[in-house]
Structure formats: structure tokens, C-alpha cells
Amino acid sequence: MSAQTLEKISDLVRRARAAGADAADAVFVSSTAIGAGVRNGVTEELERSETTDLGLRVFLGQKSAIVSTTTIDPNRFDGLVEQALAMAKVLPDDRFAGLAPHALTGTFTSNDLDLTDTAEPDANALLNRAREGEDAALAIKGVTNSAGSSASWGRTEIALVTSHNFAGTYARTRHSTSVCVLAGKGETMQRDYDYHGTVHLSDLENPGLIGTRAGENAVARINPIRPRTGRYPVVFHPRVANSFLGHFIGAVNGASIARGTSFLKEKLGQKIFPDNVAITDDPTRARGLKSRPFDGEANRTAPLELVSNGVLQSWILDTRSARHLGLESNGRAARGTSGPPSPSATNLSFAPGSLSPEEMMADIKEGLFITEMMGSSINGLTGDYSRGASGFMIRDGKIAEAAAEFTLAGNLLEIFASITLANDLQFRFGTDAPTLRTDALSVAGA
């Protein structure tokens with residue numbers, strides 16, 4: 001981001017203060033993206049987008065308002081400030097509102113986290129990558145059609161300026177490839193996919209490998225059975241095991257805790273997982289998909305241990321939720337240009353366990369190995385859990401025939417307490433789990 005652009009954003013904040021705001025901040029997001037998609041060798045998608053968004057937040061006492069625009073024209077700044085102040089005057093007081101009290105100050109520009117890649121593939125390169133992935137999938141015996149293959153590149157630049165003398169910028173890039181194919185025919189037809197996204201192109205898996213896995217996944221799912229209704233061990237592939245981290249992080253979100261709408265609201269400092277389970281949120285991971293040098297309120301970021309030895313250690317907090325709870329923000333504020341900050345995790349992960357997936361399944365006489373989830377019925381107040389799923393039977397410790405058309409049900413407190421984690425953790429999604437086992441689910445099937 002140019003120094004001229006950062007100065008314009010700083011000028012907007014100065015104008016807000018000069019016009020009567022007690023405090024103000026502005027966030028600017030500029031994005032460029034290219035996407036290419038093919039289906040059965042024919043180009044289905046080829047697009048490039050460039051967007052800019054600017055948001056101004058002003059405070060009048062304990063009142064605040066946000067306005068946004070898609071232009072960074074200084075000739076329109078006075079009108080933007082006037083609109084924001086007029087809105088703030090008529091809004092109710094919020095006793096928890098305000099800028100972060102211990103935020104960074106000064107000018108902050110850094111790429112210490114290695115979040116930007118100089119490689120910028122053009123449309124032809126993306127099309128070739130998508131075709132290579134699709135060709136590899138279609139080459140798998142039993143694959144009968146393509147549901148589409150795509151490749152993309154994007155770069156996003158973010159700037160945050162506050163009236164507490166902070167002006168910071170950072171950028172991130174993203175490369176990705178995805179392939180989805182169908183296998184079988186008629187009523188036996190099944191679909192599956194594979195996907196990989198990275199900050200640097202050099203870390204992106206070969207599209208042929210991605211396509212091959214997508215094809216093999218789809219073929220393996222042909223002619224599924226419907227498992228019997230009952231309660232038995234369930235093992236989750238890493239690509240769906242991370243959904244339990246999503247349910248966990250929603251329950252420890254400071255805003256939910258402050259509202260009293262979380263089933264974990266009374267569990268801080270208590271054991272909710274087995275002894276060997278740890279969960280960490282790390283915004284400082286080099287080349288991390290969700291890394292950032294500062295949060296949406298200019299707080300410095302640092303790793304946060306949310307669960308240690310099974311014990312819940314902390315909530316995910318921004319400034320407002322922290323004030324509501326009588327605590328301090330732990331630098332987890334996320335925001336866009338048209339809304340206030342809210343608590344959000346970054347690179348969230350379970351620590352890996354000690355057993356291989358094969359060792360973890362070895363004692364299962366009959367169970368399920370889940371590779372896909374659909375639908376969701378999660379009660380945030382009670383932790384009651386119900387989701388549709390598909391995957392494979394486990395018989396005598398081995399993955400066996402495909403299974404589909406069943407529902408998993410239980411309670412997240414019981415599920416968390418029974419979790420076993422394998423040793424195959426990989427950082428692929430930004431929210432990452434190894435293969436995961438729980439014996440606390442009921443299966444509604446045949």
C-alpha cells in the first residue's frame with residue numbers, strides 16, 4: 001500500500017476529530033482477485049475483480065456510528081464525516097464502546113509473517129492449473145463426470161488508522177486449487193472433492209495430486225450402505241474434524257459469553273476435554289492462512305492457549321466484549337468496513353495426539369469414519385448437536401464400505417469430554433484438526 005493512500009486514510013480520521021468526534025478510526029481494504037474454472041475441459045469461469053472499501057467509525061461519548069464507501073476520494077471525506085457524526089448523535093449510548101485502551105501506536109508496516117507472495121499467475125496459468133487438476137481426476141477409473149475444477153489467486157491489502165496515533169498496514173496473498181467430480185451412474189452416483197489453499201504458490205500442492213485424490217474419494221463412495229441406528233465409535237477425517245473447533249470457538253466467543261448464550265459460559269477454568277487435549281489460536285504463524293500482525297482494533301497479536309491439559313483457559317475477546325466481562329482484549333478483534341469489531345479466531349488448531357489414525361481405530365469392531373458433513377443443528381445454549389453425515393464403515397479396525405444417509409447426534413460437552421486426537425495434524429485450512437475420534441455420538445440410520 002502506498003504511503004499516499006495511508007496518508008489519505010489518516011487525513012479522514014483527523015477530519016473526524018476536527019469535526020467534533022471524541023475518537024475515530026478508519027479501516028481500508030483493497031482486494032484484487034483472479035479466478036478460473038473449467039468443466040470437462042471447457043472454460044466455465046474466468047473473472048478478475050478489483051474492489052476498494054473504506055469504513056469510518058466515530059465516537060461521541062458512548063455513542064458510535066459507522067459509515068462506509070467504495071471510494072478514497074478526499075473531496076468526499078467531509079461529507080462522510082458529517083454523515084457519521086449525524087448518525088452517532090441519534091444512536092443510543094453503549095457503555096462498552098470505545099477504542100482499545102492499550103493498542104499499538106505509531107506507524108506499523110511489516111511482512112515479518114511472510115504473508116505476501118510475489119508470484120501472480122495470469123488467467124492462462126490458472127486455467128492450466130484447473131485443467132490439470134480435472135484431467136487427473138477424470139483419469140481415475142470409475143469417475144464419470146466433472147462437477148468443476150477451479151484455480152484462483154488473490155491479494156488483499158488492509159490499513160487501519162486510529163485517533164490514538166496508530167497507522168498500520170499489511171497485505172496477504174492467496175493461491176488455491178479445487179477439484180470436484182462424480183463417480184458411478186444413476187442412483188449410485190457419488191460426488192467428492194479435494195482442495196488446497198496457501199499464501200505462497202510454492203507451498204501449493206500439485207494440481208494433479210489434488211485431482212487424483214478428488215477422483216479416488218468419489219469412486220470410494222459408490223454404492224454406500226445406510227448404517228444401523230445405534231451408538232458406536234465415530235472417527236472424523238481432518239477435513240471435517242475441524243468443525244468441532246468451529247463449534248468450540250463459537251462457544252468461547254466473548255460476545256456470546258457476555259450475552260449468556262453459550263453452553264460454556266460457566267466453564268472457564270474447568271476441564272472440558274481429556275487431559276492430553278490442547279487448543280491454540282496463533283495469529284503469528286508464518287505463512288498462516290489467517291495470520292495478521294495486529295487485530296482490527298490495532299492490538300498486537302500473540303498466540304493464545306485456549307485449552308491446556310483439557311482445561312478451558314480463556315475466551316476469545318475484542319475490546320467491547322472484554323469490557324462487558326471486566327477483562328482485557330486478547331487481540332482477537334476482526335472487522336470489515338461496514339460493521340464494528342467482533343471477536344474472531346485466527347489460526348486455530350488442536351495439538352496432535354500420539355496415536356496414528358490406524359492405531360486410534362484398531363479397537364473399533366464397528367464404527368464410522370466421517371468424510372463429509374451436511375446441515376447443522378447446534379443449540380448454542382445447551383450444546384445439543386445434530387448433523388447429517390457420510391463416509392465409511394469401520395469394521396474390525398479397518399475402513400470398509402461407503403456409508404451415507406445418516407445423522408449424528410449428541411451433546412458437545414459429552415463429545416468434547418470423549419475426544420481422542422491422532423498424530424496427523426496438518427495446517428491446511430486455517431482451522432485445523434488431526435483425525436478425531438469420539439465415542440459420545442448416536443447414529444440415526446437404517
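Q: Which residue in β22 is the bridge partner of Arg231?
A: In this predicted model, β8 and strand β22, the latter spanning residues 442-444, pair in the antiparallel sense over two bridges. Arg231 takes part in this pairing, and its bridge partner in β22 is Ser442.

Q: Which strands stand at the edges of the open sheet of eight strands, and why is one side of each left without a neighbour?
A: The eight strands follow the order β8-β22-β18-β17-β16-β9-β21-β19, with mixed pairing. Because each of the edge strands has a single partner strand, one side of each is left without a neighbour in the sheet. The strands in question are β8 (230-231) and β19 (420-421).

Q: At about what angle does helix α6 run to β17?
A: Helix α6, made of residues 243-251, lies across β9 (234-236), β16 (366-378), β17 (384-395) and β21 (436-438).

Q: At about what angle does α6 run to β15?
A: The open sheet of five strands has the order β12-β11-β10-β15-β20, and its pairing is mixed. Helix α6 lies across β10, β11, β12, β15 and β20, and its angle to β15 is about 115°.

Q: Which residue in β11 is the bridge partner of Ile279?
A: Strand β10 (residues 279-281) and strand β11 (residues 304-308) pair in the antiparallel sense, with three bridges between them. Within this pairing, the partner of Ile279 in β11 is Val307.

Q: Is Ala251 buried or exposed?
A: Ala251 is found in helix α6, and, with residues up to four places away in sequence left out, it touches Ile257, Ser262, Phe263 and Leu264. Its relative accessibility is 4%, and the cut-off for burial is under 20%, so Ala251 counts as buried.

Q: Is Thr346 buried or exposed?
A: Thr346 lies in the loop between β14 (342-343) and β15 (348-350). Leaving aside neighbours within four places in sequence, Thr346 is in contact with Asp281, Asp282, Pro283, Lys290, Arg292 and Gly430. Because its relative accessible area is 2%, Thr346 is classed as buried.

Q: What accessible area do Met87, Val90 and Leu91 have together?
A: Leu91, placed in the loop between α2 (77-90) and β4 (106-109), is partly exposed, with a relative accessible area of 32%. Together with Met87 and Val90, Leu91 forms a nonpolar patch on the surface, and the accessible area of the three residues together is about 260 Å².

Methods. Residues are numbered from 1 along each chain as its sequence is written. This is a predicted model: local features need pLDDT of at least 70, side-chain atom pairs count only at pLDDT 80 or more; totals for chains, interfaces and linings use all residues. Side-chain values use heavy atoms; hydrogens and water are left out. Two strands pair if DSSP finds at least two bridges between them. Helices (H or I, at least four residues) and strands (E, at least two) are DSSP runs, numbered from the N terminus. Contact means heavy atoms within 4.5 Å. Axes are lines fitted to C-alpha atoms, for helices over the stretch in contact, and angles run from 0 to 180 degrees between N-to-C directions. Patches are made of residues with over 30% relative accessible area and no salt bridge: like charges are joined within 9 Å, nonpolar side chains (Val, Leu, Ile, Met, Phe, Trp, Tyr) within 5 Å. Accessible areas come from the Shrake-Rupley method with a 1.4 Å probe; for residues, only the protein chains shown count as cover. A salt bridge is a side-chain nitrogen of Lys or Arg within 4 Å of a carboxyl oxygen of Asp or Glu. Buried means under 20% relative accessible area, exposed over 50%, partly exposed in between (1.4 Å probe, protein chains only).
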